[in-house]
Amino acid sequence: MMRFAPDKHSAVGPLWGPAGPALREAVARVLAEHFGVVLDAFAIMEEAHGGTPNSRNVRVLPPRRVVKRLASGGPCCQVVEAARRAQHLGVPFPAYVCTARGPVVEMDGWAWTTTDYCDGTHFAGDRETFLALARTVGEDVRALAEIPGDLLLARPIIGAAEWSWVERAAPFAFRHLREVQAALPRLQALPLRTTHIDLHPHNLLCADGKVTALLDPASLQRAPWATALGYAAYKLTRQHLVAEGGDPVEAAAAFCSAAEVEDAEILWLGAKAEMLRRIATIAEAGDRGDHTWRADFDAHIRALHEIDAMRKSA
């Protein structure tokens, strides 16, 4: 039976560290000029580890706020609006703090948002929380699909342009690529709907076996349900197996049952398609000299084999 070893998404320790002076000063200015909050010398400001160069999260205590810096422009506003609509449907995104100019403010060429700080811990892998998360994630993906997202970034099924990058950078993934290509008619028939395309353990907060918050609303895009929910199914099932071990097929089937997935085969094909897309994205970025996500390359390759171990057909 395959052993699931910890990776960076399996670590459930603190994700915060002291914010650098420049970012601390910028956050203080945003809060003072736009949100009417003047920080005193005792305010704790901590920055999330990781993230892309154009995105930073800073936790500020007191007050209980998370300040996020995003690339400026219309898509940012569309994402925030989609997240606010999702809140009305019961999807637990953190509440945005509004100013007279709305929830998004522009400063120094960046867009800034502020949300309430949500209590909770990242999913550690226990069975009870695993099944609760599966139910909630399934419900949330279905709820998000009802939100109009015409102006959100589209993330269709991996296509020919991405295939070539996978073939060049990961020839050992050839079998998985051909499997997804053979299923393309079924995958491409799935409509693009508003969804969260990055639901892994660090983007979910839990307390008492329940989800208290979905994080990273910037990951709201238009994508097929099978790629979004398939990615979440893999990541959460993997976390459960890392923590408690067991039969991968049984754990994956338990996720699908709790999440009310009617077509498990298309779900796992969607998960593979999403992993192949991420492999292609890393390869293309590396060709441009951008190695931001290079450390994830091997993990995505491994994921293809682990998904096979979770499928009943494997």
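## Basis and terms

The expected span of a helix is taken as 1.5 Å times one less than its number of residues, and helices (H or I, at least four residues) and strands (E, at least two) are DSSP runs numbered from the N terminus. The model is a predicted one, in which local features need pLDDT of at least 70 and side-chain atom pairs count only at pLDDT 80 or more, while totals for chains, interfaces and linings use all residues. Residues are numbered from 1 along each chain as its sequence is written, and side-chain values use heavy atoms, with hydrogens and water left out.

## Helix 1

Helix 1 comprises 14 residues (residues 21-34), which at 1.5 Å a residue should span 20 Å, and the 20 Å between its end C-alpha atoms agrees with this. Its buried residues (under 20% relative accessible area, with a 1.4 Å probe and protein chains only) are L23, A26, V27, V30, L31 and H34. Seen down the helix axis, these fall within an arc of 130°, so they line one face of helix 1; the arc is that of the directions from the axis to the C-beta atoms.

On the other side of helix 1, P21, A22, E25 and E33 are exposed, meaning over 50% relative accessible area. The cover over the buried residues of helix 1 includes strand 2 (44-48), strand 3 (56-61) and strand 4 (65-71), as well as strand 5 (105-107) and strand 6 (110-116). Just after helix 1, G36 takes a positive phi of about 65°.

## I157

I157 lies in the loop between helix 3 (127-144) and helix 4 (160-169), and is buried, with a relative accessible area of 10%. Leaving aside neighbours within four places in sequence, I157 is in contact (heavy atoms within 4.5 Å) with L184, L187, Q188, P224, T227 and R277.
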